Amino acid sequence: MVAFLIIIGIFWELVSNSWLSIKEFGFTYLYNRNWNPVTEDYGALSSIYGTLMSTVIALVIAIPMSLLVALFLVELAPPYISKPVGYAIELLAAIPSIIFGMWGLFVFAPFMADKIQVFLGNYLGFLPLFQGPPMGIGMLTAGIILALMILPFISSVMRDVFQMVPAVVKEAGSGMGATTWEVTSQIIVPFGVRGLVGATFLGLGRALGETMAVTFVIGNDHTISSSLFAPANSIASTLANEFAEAAEPLYMHALVELGLILFIITLLIQIAAQIWLKRISRHLEGI
Amino acid sequence: MELKPVRIRIARDLAMKVLATISSLIGIFFLGWILLEVAARGLSALSLSFFTHLPAPPGMEGGGLANAIIGTLLMTVLATVAGVPVGIMGGVYLAEYGQTTLLGKSVRFTLNVIMGVPSIIIGLFVYTLIVLPVGHFTGYAGAFSLAVIMIPIIARVTEDMLNMVPSSLRESALAVGAPHWKMIVQIVFRAAKSGLMTGILLAVARVSGETAPLLFTALNSPYWPTSIGQPTANLTVTIYNYAMSPYQDWQSIAWGASLLIMTSVLVMTVIARFVSRERVQ
């Protein structure tokens, strides 16, 4: 019974969300880059772009870092170090996203503006990615904070994957004279590559829907800029930011449709991740 | 396979080891940075009036967040009261009855998927479900959205914990003639007690830091939560509103509230960790 209620809840969620957005702009909504409550012209492109871009930045930073952290925890550190370190990394996951937002806005963004962005602008300023005034808030800051937030999730799955690799296989590699890094890159990673992909999926799903931390630091501007320093927005930040202002029904429905898009994206990713992880466990059982 | 000279291989190995260590240090560094910064800025904002007074307008001395503290507690308790039984029963179903049935499998799958749905979407869902028909923001909707977030977490943890109870225990209970439900309540629950506590604590910790769903459901209020049917003050949305305001003293109060939330969430997480470790031993 309980279980049924939950399933019905999801369907209800889908239906009630889409019910509100039926009166919308049709497909043009998806590729219209305008968002103007005054003229009531709404398009989701800038929000979708911001969501995807900040997620890509987060993944580009978080995936290699998680891999290295997992490597450190499993292969390098002795238990008396890897235990507390692993624990500290997991604590990072327990910090609520609004705390990341506070810290991001008042502590990290000024630091970005004074140090990191000035540095990047000076040395990599010839790239359009790193042009523009160093304001601190914007796409890059949001991406970095997202990376920090998903790092513990990805690295803990990767750690589990690393631990599942049979010791015999690793020892065989070491016995042939391979260095730790060679064992990792040529034996452990290929062995656990499916698990690593699954870990990435999980991080991806987290990053896409992250709301508060992103809302604090992304700058909330409906423009698509080539510079990562420029303020932008994401689906979740637009929702959090403008929901209270949406008095006209059309404005409200446009926002709910944004939510629907985000829901569909995360739903598809979750389903893919679940099926993928299930296939892995079956694969491992077969060994 | 062609190998590079040993010197290069060793150098590369060393470089990766150093990088791996640095990555872990970076993670710890950021954790420390966030904790210290919130503690430093939050402590200076905490005072007696922070816990006992209503919010003051910007520029006035002595405002507090007593209403938001009470509101957050109320909604979290309400969500826990609603979410825990449902979650545990769901977990019991999955572990004891629906282990291999098609229904059980699809429920497990669905729960995993719901856990990955962003909380802001849950908030939006509850908004369309409750707030729109009622016509105004209410604390009940806030509590409900928190409960929706809690249920899948508790159900999945419960299931995992029940699965760890050895089946010989179950079989001996059934063998002495106990009915199935009695076996679950008196044997399995007792064996998995600390595990269930862990699940509940983790779920409560998770929702007490939630902001996005409350933004759409309970909203916020500068008054005492006289009735939970009205918009209800809560700490997280207050942090959001105050942090975005241009007033220095409001921002400082937001830091105080952040410290309060962060401390309680971390304490609950650590306790949950501690309880589950005891079980393993």
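Which residues in helix 3 of chain B meet which residues in helix 8 of chain B? I kept in mind that this is a predicted model. From helix 3 of chain B I listed B:Ile88, B:Val92, B:Glu96 and B:Tyr97. Their partners in helix 8 of chain B are B:His180, B:Met183, B:Ile184, B:Val188 and B:Phe189. By class, the residues of this contact are 7 nonpolar, 1 polar and 1 charged.

Next I checked the geometry. Helix 3 spans residues 66-97 of chain B, and helix 8 spans residues 180-191 of chain B. Their axes come within 12 Å and cross at roughly 110°. Helix 3 of chain B is therefore roughly perpendicular to helix 8 of chain B.

Then I turned to the interface of chain B and chain A. The contact takes 68 residues from chain B and 70 residues from chain A. The buried area is about 6,200 Å², and carbon and sulfur atoms give 80% of that.

I looked for polar links across the interface. I found 7 residue pairs in polar contact, both residues at pLDDT 80 or more. The rule finds 2 salt bridges between the chains. I noted the one between the side chains of B:Arg9 and A:Glu182, at 2.7 Å from N to O.

Which elements of chain B give two or more residues to the side that touches chain A? Helix 1 (6-43), helix 3, helix 4 (102-116), helix 5 (119-134), helix 10 (212-217), helix 11 (235-244) and helix 12 (248-280) of chain B do. Helix 1 of chain B supplies the largest share, 21 residues. I sorted this side of chain B by class: 46 nonpolar, 15 polar and 7 charged residues.

Technical notes. Residues numbered from 1 in each chain as written. Chains lettered and ligands numbered in written order. Heavy atoms only, no water. Axes fitted to C-alpha atoms, helices over the stretch in contact; angles between N-to-C directions. Helix = DSSP H or I, 4+ residues; strand = E, 2+ residues; numbered from the N terminus. Parallel < 35°, antiparallel > 145°, perpendicular 65-115°, else oblique. Contact = heavy atoms within 4.5 Å. Nonpolar A, V, L, I, M, F, W, Y, C, P; charged D, E, K, R; others polar. Buried area = accessible area lost by both parts, 1.4 Å probe. Salt bridge = Lys/Arg side-chain N within 4 Å of Asp/Glu carboxyl O. Polar contact = N/O pair within 3.5 Å; in protein donor to acceptor, adjacent residues only side chain to side chain.
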